[in-house]
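The following account leads the reader through one protein model, from a single residue to the chain as a whole. Please keep the sequence and the structure in view while reading.

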Amino acid sequence: MAMEDPKATPFLTDIKELQRRAREHVEKGAVTPTYRGDVGTAVKLLNEALATEIVCVLRYRRHHFMATGIHSQAVAEEFLEHAEQEQEHADKIAERIRQLGGAPDFNPEGLLSRSHAQYAEGSSLIDMIKEDLIAERIAIESYTEMIRYFADNDPTSRRLMESVLGQEEEHADDMATLLESLDPREPIDGAGGVKH
């Protein structure tokens with residue numbers, strides 16, 4: 001068996017060129033010349049996702065403490081689990097913003113205007129579940145758009161948001177299941193939305 005000509009299947013980029021570029025603009029950290037996205041837009045989108053996650057943490061935590069009624073203990077535990085997972089999302093998104101050379105925006109002022117989800121308290125257990133389901137559906141749609149935007153231009157941000165999206169879809173499914181089991185009068189469509 002003949003050995004392949006190394007020039008026929010070269011490494012993606014010449015090693016010496018990679019080494020040279022790594023030393024050039026070393027202050028940019030993880031953002032190398034092969035990054036094809038717009039860093040400013042990526043940071044803006046990720047800060048919007050960060051605000052969305054923070055708002056979701058706050059809403060789920062309030063719902064955890066305000067859940068009352070015969071079914072409240074199990075639902076409150078679900079709210080708390082989701083709050084903790086949303087906090088993990090926020091931390092990972094903040095870390096990615098920092099990797100891109102940006103600053104995670106944790107400023108409470110303007111948090112709701114940056115968030116895609118709303119902070120709706122809900123007056124009953126059913127209302128709380130509905131509000132959380134609506135927020136999850138908003139996150140699913142906006143994160144799907146972000147993933148399309150990042151595509152191959154920022155594969156790390158894309159994979160991060162795909163991971164977050166997967167868990168948001170689980171959350172939506174959890175809320176739809178809870179809603180259906182606690183209020184069978186609320187018909188749920190196949191996409192986890194409330195039919196009106």
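Does aspartate 154 count as buried or exposed? At 1% relative accessibility, aspartate 154 counts as buried, since buried means under 20% relative accessible area, with exposed over 50% and partly exposed in between (1.4 Å probe, protein chains only). The model is predicted: local features need pLDDT of at least 70 and side-chain atom pairs pLDDT 80 or more, whereas totals for chains, interfaces and linings use all residues. Residues are numbered from 1 along each chain as its sequence is written, and side-chain values use heavy atoms, without hydrogens or water.

Aspartate 154 is located in the loop between helix 5 and helix 6; helices are DSSP runs of H or I with at least four residues, strands are runs of E with at least two, and both are numbered from the N terminus. The protein chain has six helices and zero strands.

The largest nonpolar core has 41 residues, among which Phe79, Ile93, Ile129, Tyr143 and Met161 touch the most other members. Such a core is a set of buried Ala, Val, Leu, Ile, Met, Phe, Trp, Tyr and Cys residues joined through side-chain atoms within 4.5 Å. Two or more residues come from each of helix 2 (39-66), helix 3 (72-99), helix 5 (125-150) and helix 6 (155-182). Helix 5 contributes the most, with eleven residues.

Beyond its neighbours within four places in sequence, isoleucine 93 is in contact (heavy atoms within 4.5 Å) with Leu46, Ala49, Leu50, Glu53, Leu160 and Met161. Of the 196 residues in the protein chain, 40% are buried.
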